[in-house]
Amino acid sequence: MYEYNESELKKVLLNLGLTSGSNILCHSSLIHLGKMKEVDISDYPEKILEIFFSIIGSSGTVVVPASNYNYGLKNINFDIKKTKVSKSLGSFSNYIALHSLSNRSLNPIFSLA
């Protein structure tokens, strides 16, 4: 598994062209990014978001898929503030969708946060 540290991830993001005010659509399982050195796996979502905002600043936006497929598959109610994101979309999407500063779109099956 590929290992990297915070400064290496920042360098990659900068090389991709991210700057202050950039908008990011992140649809990725964090495990596919590899192992972040010196960061506990349970802290990855928070750390990744921190790294994104260290580059894009408060004028930038991070968007993730935030669907909950159980609404349609199992007829389970959807609460825009409390319903977790479907596991298949990963921990980062769930972290963002349930973040206190996040806004989530209304459609439970195709929502974004």
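A salt bridge here is a side-chain nitrogen of Lys or Arg within 4 Å of a carboxyl oxygen of Asp or Glu. The side chains of K10 and E6 form such a pair, N to O at 3.5 Å.

This is a predicted model, in which local features need pLDDT of at least 70 and side-chain atom pairs count only at pLDDT 80 or more, while totals for chains, interfaces and linings use all residues. Residues are numbered from 1 along each chain as its sequence is written, and side-chain values use heavy atoms, with hydrogens and water left out.

**Overall fold**

The protein chain holds 4 helices and 4 strands. Both kinds of element are DSSP runs numbered from the N terminus (helices: H or I, at least four residues; strands: E, at least two). Their order from the N terminus is β-α-β-β-α-β-α-α. The radius of gyration is 15 Å, close to the 13 Å that the globule rule gives for 113 residues, so the chain is as compact as a globular protein of that length. That radius is taken over C-alpha atoms, and the rule is 2.2 Å times the number of residues to the power 0.38. Along the principal axes, the C-alpha atoms fill a box of roughly 45 × 30 × 20 Å.

Of the 113 residues, 38% count as buried. Buried means under 20% relative accessible area, exposed over 50%, and partly exposed in between (1.4 Å probe, protein chains only). Contacts are heavy atoms within 4.5 Å. Among contacts with a separation of 6 or more, 64% join residues 24 or more positions apart.

**The salt bridges**

A search of the whole structure finds 3 salt bridges.

| Pair | N to O distance |
|---|---|
| K10 and E6 | 3.5 Å |
| K47 and E6 | 2.9 Å |
| K47 and E50 | 3.0 Å |

Together, E6, K10, K47 and E50 are linked in a network. K10 and E6 both sit in helix α1 (residues 6–15), 4 residues apart, about one turn of the helix. K47 and E50 are 3 residues apart in helix α2, again about one helical turn.

The K47 and E6 bridge runs between helices. K47 lies in helix α2 (residues 44–56) and E6 in helix α1, so this pair ties together parts that are 41 residues apart in sequence.

E50 is partly exposed at 42%. E6 is partly exposed at 27%, and K10 is partly exposed at 26%.
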